[in-house]
Amino acid sequence: MPANYPTLMDVARRSGDPSISNIVEILNKSNPILDDIPWIECNSGVTHITTIRTGIPTPTWRMLNAGVPLGKSTTKQIKAHCGMLEIYSEIDAKQVDLARRNGGQQGAADYLASENVAFIEGFGQEIARVFFYGDPSLPAEPVGLCNYYTSLPSGSETNVIDGGGEGSDNTSIWVIQWGPDSVHGLYPQGSKAGLSEKYLGVHTVKDASGNQFQAHRTHYGWDAGLVVRDWRSAVRIANVDLSDAIANASGAVDILTTLTKAVYKLPKKSSQSRTAIYMRKELITLLDLQCQSKSNLLLSYADISGRPVLHFRGIPIREQETLLATETLVS
């Protein structure tokens, strides 16, 4: 892993706070995309000012005693912000007391931590959802990838490929080349990866019926954002009809075709980047079945962190639960 490509765990460990590292471990287990994304510290508080390249200069052939016009690359300055995601967990104090009777203080702490896992996993699911579907009309949310890749090619090249589906049960497949100069995450300046955990003690709270009880309350926060510096570094295969693909196993052949087109749209891979493919479990199942055919050389398994992961042309395929199966048709 390149030193200038810090993962969320890298940033958490640099903070020196073991509780933040523990949170990241839970996040990564429930959402592998979070382990792929490089995380960059904002350069202006909770906002990040950077430039994106919008054009490449064209050199000019010259003759002796003749000059050439000044070459200039075109860039655009953008300002991205970190959204603020927060939640409070409330765990019944009586349950914690029962755990303390059986296992002492450590038993109580372990029980409280185990109950809070669900709240942390919820953070991972919501960040992954927003990174794909974040709505620019909602200023509290970071803008998601779907709102950068909104239409099929029409006269000019775009990184959106038509999966051929129709109707309202479509999903997307994403091929993303993560990197500090391509697509990356953001965390606030001076923070511990943007993550925070604060135990607030025992409070009187109310249940759904308005009745009171004592509960241990913990506050969790995650300030995070997303930057697309190079639009060429992500490809969306839109309009993938999920029901057709499931009903007809030959649909997997179309997925392989579109994946090949997507891979060749990416810029040349650099040492600072990591590429991954994201799709729903149903589509991975189809590809997995096809992988069992000895005649297919594009799909294979490789060992990552001690577990087999399906690869296409050497690129890992990740199961992404937050990708919808109800996307509207992209035209």
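This is a predicted model: local features need pLDDT of at least 70, side-chain atom pairs count only at pLDDT 80 or more; totals for chains, interfaces and linings use all residues.
Tutor: Residues are numbered from 1 along each chain as its sequence is written, and side-chain values use heavy atoms, with hydrogens and water left out.

Student: Why is Ala193 called buried?

Tutor: Buried means under 20% relative accessible area, exposed over 50%, and partly exposed in between, with a 1.4 Å probe and protein chains only. Ala193 has 1% relative accessibility, and therefore counts as buried. Ala193 lies in the loop between β7 (183-187) and β8 (195-206), and has a positive phi of about 65° although it is not a glycine.

Student: What makes Asn239 count as buried?

Tutor: Its relative accessibility is 2%, so Asn239 counts as buried. Asn239 is placed in strand β10 (residues 234-241); strands (E, at least two residues) are DSSP runs, as are helices (H or I, at least four), numbered from the N terminus. Asn239 also has a positive phi, of about 60°, although it is not a glycine.

Student: How many helices and strands has the chain, and what share of its residues is buried?

Tutor: The chain has seven helices and 14 strands, and buried residues make up 45% of its 331 residues.

Student: What share of the contacts with a separation of 6 or more joins residues 24 or more positions apart?

Tutor: A contact means heavy atoms within 4.5 Å. Of the contacts in the chain with a separation of 6 or more, 75% are between residues 24 or more positions apart.
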